[in-house]
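Dear colleague,

I am passing on a structure that I would like you to look over. My notes follow below it.

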Amino acid sequence: MDHDAGNIADFAANLRFLCERQGSISTVCRKIGLNRQQFNKYLSGLHLPSPQNMSLIANFFGVSVSILFSPAFEFRTLVEGNFFQVMEKLRESPEVTKFIETAIIGAKSDGNDLVGVYDRYQYSSIYKGSILRSAYCIYRNNDFHQHYYIERFPSYDAPDKIDYVFKYYGFVFPVAGRVFSVDFERIQRNELTFGVFAPVQRSSKKFMFGITSGIAATMFRQPYSTKVALHYRGPGLIGREQLASLTVLNAKDPSIPREALQFLGDGSDMIQIM
């Protein structure tokens, strides 16, 4: 795999960030089994690890090699959400291991065409009658497809200010031409959501249409089920450009793709249990 200077700098920055969270560099080197002097060259961006050492580093931190070369800003978005540590605990649980053996490993070569950043549209459960645009990302991490997405809700009284931010992290399972997802909300730490989607190609545009359901442990957000449209925007992870577009929109807003509006309808079929 070829990497330019920017990729190498991002790798070094991401490796430093991961090591800072571990404490001592010496401890990290000892646990991985790498020479400290050589490891310092990786941290400074002077050298890249050999393929064997790269695999050792990626396995130690529980990420894929490709994720280590992500832009530093995007990489921090995942790590600061404590995402990798939580995913690693889920992977090690007997229940998830059994599920992986039956549902994921057999299809682990599928779904590479799903990877990338999407605009996510659904009728809001907080702002009645309005459409929430969030940023959704699917990426590959070793044998897994994982995802995260971010929602922002502006204030009723001051639309230029953000009242609520929700961040979800989870797994994606491409099975038999459908995409299944399960995720949890990190900030409030009290909500699970589940989704199933069908990839659809409309002329030059790529969408996934489906349904999601969720339930929170607070009275503020009731259990719900609603349609969701995902509009593919490009490769990579969520960046500043995508974050800047997150908001709640009037259903007639011209920035919403016509195909997404046709699928979502008027929102009257959204189910919310009071």
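Predicted model: local features only at pLDDT ≥ 70, side-chain atom pairs only at ≥ 80, totals over all residues.

Residues are numbered from 1 along each chain as its sequence is written, and side-chain values use heavy atoms, with hydrogens and water left out.

The axes (lines fitted to C-alpha atoms, for helices over the stretch in contact, with angles from 0 to 180 degrees between N-to-C directions) of helix α2 (residues 25-32) and helix α4 (residues 51-61) come within 10 Å and cross at roughly 110°, which makes α2 roughly perpendicular to α4 (65 to 115 degrees). Helices here are DSSP runs of H or I with at least four residues, and strands are runs of E with at least two, numbered from the N terminus. The contact (heavy atoms within 4.5 Å) is made by V28, K31 and I32 of α2 and by L56, I57, F60 and F61 of α4.

Across the whole structure, 16 aromatic pairs are found, counting Phe, Tyr and Trp rings (for Trp the six-membered ring) with centres within 6.5 Å, stacked if the planes are under 30 degrees apart. The rings of Y127 and F153 have centres 6.1 Å apart and planes at 15°, so this pair is stacked, and both Y127 and F153 are buried (under 20% relative accessible area, with a 1.4 Å probe and protein chains only).

Finally, T193 lies in strand β6 (residues 191-202) and is buried, with a relative accessible area of 1%.

Best regards

Conventions: Buried < 20%, exposed > 50% of the residue type's maximum accessible area, 1.4 Å probe, protein only. Parallel < 35°, antiparallel > 145°, perpendicular 65-115°, else oblique. Phe/Tyr/Trp six-rings, centres within 6.5 Å; stacked < 30°, edge-to-face > 60°.
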